[in-house]
Amino acid sequence: MNHPLISYVVTAYNIEEYIREAVECAFAQTYSPLEIILSDDCSTDGTFEIMKKMAVGYTGPHKIKLNRNEKNLGITRHMNKAYLELAEGEIIVAAHGDDTSIPERSSVMAEFLLKNPNITQAACSAIVVDQNDVPYDSYIQNGVKVDKLRRYKFGSGAHVAIGFSAFRRTVMDYFGPLGEHCPTEDDSIGFRAILLGDIAFLPDIMIKYRKHSGSNSRPELFEKFPVDEIFNQNITDMNIALKDNIITREQYNDEKTRLYKTKEIRKLYRVYFSRRTLISLYHLLRCKYLNNRRRLSYIREHVEYLLGHHE
């Protein structure tokens with residue numbers, strides 16, 4: 001079987017401490033033919049210089065593309081450029097510059113997607129570590145580790161984290177660039193994928209996912225995250241899918257309702273996560289869209305936090 005070109009895309013911004021290891025992992029990928037995209041969003045530290053030096057010195061079998069944006073584009077516009085303009089592969093393997101992948105990651109994920117044409121995006125499992133490479137306890141890791149193969153269809157509410165995933169380039173080509181106001185590629189690309197087909201979680205642990213002081217998920221940014229703009233992007237993409245008869249009007253209405261309820265819960269949860277106070281927990285628990293099971297899970301989370309079982 002002829003193997004299609006795959007793009008392994010490393011995106012980075014101001015992470016000079018971690019970028020070398022991420023690039024080394026890209027160079028070590030076993031899949032062929034593979035193009036490696038090293039894209040820097042106009043870092044102000046030494047991130048790009050490290051990437052450039054490593055690219056110039058590379059003598060392996062993979063094709064290397066090196067990019068530095070002339071100005072900082074921000075997460076979403078950077079990903080638009082990386083996935084729509086720079087990457088040429090049939091499948092895109094997403095890699096963040098502060099995470100690392102095992103050498104077989106591209107091969108495993110490509111093989112799965114090629115054998116399952118109805119799957120538009122697949123994610124692997126991950127080990128979560130801090131900035132010193134110390135793993136978090138199992139309570140934290142259970143959020144991203146998967147113990148068996150799982151598949152989900154549109155309407156299930158399932159979501160694939162982009163940094164753990166590989167997806168077909170049609171996921172971006174079909175809908176075009178993400179909107180200027182969309183704050184993240186993560187939710188939006190995953191939602192596009194499940195609009196066009198099924199998504200899957202693979203049990204293989206193939207990524208070391210690093211949380212550190214510069215992460216976008218740190219608490220002080222978490223509360224301010226514009227969740228409403230993700231909802232707006234999802235609705236825009238659903239309108240395209242509805243117009244092209246990919247989904248029915250009934251599916252559209254049901255999903256719009258689900259997305260709205262989820263958005264309202266997420267907004268309250270982000271405030272709680274950032275503050276970890278009883279009053280923020282109280283407001284979260286009062287949300288009318290929560291069922292009792294979710295309420296109990298948030299209470300349990302708060303107890304775990306008070307006991308010190310947290311990040």
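Predicted model: local features only at pLDDT ≥ 70, side-chain atom pairs only at ≥ 80, totals over all residues.
Residues are numbered from 1 along each chain as its sequence is written, and side-chain values use heavy atoms, with hydrogens and water left out.

Let's start with the backbone. Most residues other than glycine have a negative phi, and most peptide bonds are trans. Now look at Ser32 and Pro33: a cis peptide bond joins them, with omega at about 5 degrees. Pro33 sits in the loop between α1 (19–27) and β2 (34–40). As for those labels, helices (H or I, at least four residues) and strands (E, at least two) are DSSP runs, numbered from the N terminus.

Which residues have a positive phi without being glycine? Cys42 is one of them, with phi near 60 degrees, and Arg276 is another, with phi near 55 degrees. You'll find Cys42 in the loop between β2 and α2 (47–57), while Arg276 belongs to the loop between α10 (249–275) and α11 (278–285). Cys42 has a relative accessible area of 15%, so it counts as buried; Arg276 is buried too, at 15% relative accessibility. Here buried means under 20% relative accessible area, exposed means over 50%, and partly exposed is in between (1.4 Å probe, protein chains only).

Next, some covered parts. Helix α7 (residues 186–196) is mostly hidden, with nine of its 11 residues buried. Among them are Asp187, Ile189, Phe191 and Arg192. Over in helix α2 you can pick out Met51, which is buried with a relative accessible area of 0%. Met51 and Ala22 are 29 residues apart in sequence, and their C-alpha atoms are 9.7 Å apart in space. Strand β9 (residues 198–210) holds Ile207, buried at a relative accessible area of 4%.

Now for the charged side chains. Side chains of opposite charge can pair when their charged atoms come close. The structure holds 18 salt bridges, each one a side-chain nitrogen of Lys or Arg within 4 Å of a carboxyl oxygen of Asp or Glu. Take Arg68 and Asp40, whose closest N and O atoms are 3.7 Å apart in their salt bridge. Arg68 lies in strand β3 (residues 63–68) and Asp40 in strand β2, so this pair ties together parts that are 28 residues apart in sequence.

Another pair to look for is Lys63 and Glu88, which meet in a salt bridge at 4.0 Å, N to O. Lys63 is in strand β3 and Glu88 is in the loop between α3 (75–86) and β4 (91–96), so the two tie together parts that are 25 residues apart in sequence. Lys63 is partly exposed, with 45% relative accessibility. Salt bridges that share partners join Glu35, Lys63, Lys65 and Glu88 into one network. Elsewhere, Lys263 and Glu264 form a salt bridge at 2.5 Å, N to O, and both of these residues are buried.

Finally, head for the surface. Leu296, Ile299, Val303 and Leu307 form a nonpolar patch there, with about 370 Å² of accessible area together. Patches are made of residues with over 30% relative accessible area and no salt bridge, where like charges are joined within 9 Å and nonpolar side chains (Val, Leu, Ile, Met, Phe, Trp, Tyr) within 5 Å. The areas come from the Shrake-Rupley method with a 1.4 Å probe, and for residues only the protein chains shown count as cover. Leu307 is in the segment after α12 (292–306), and its 60% relative accessibility is why it counts as exposed.
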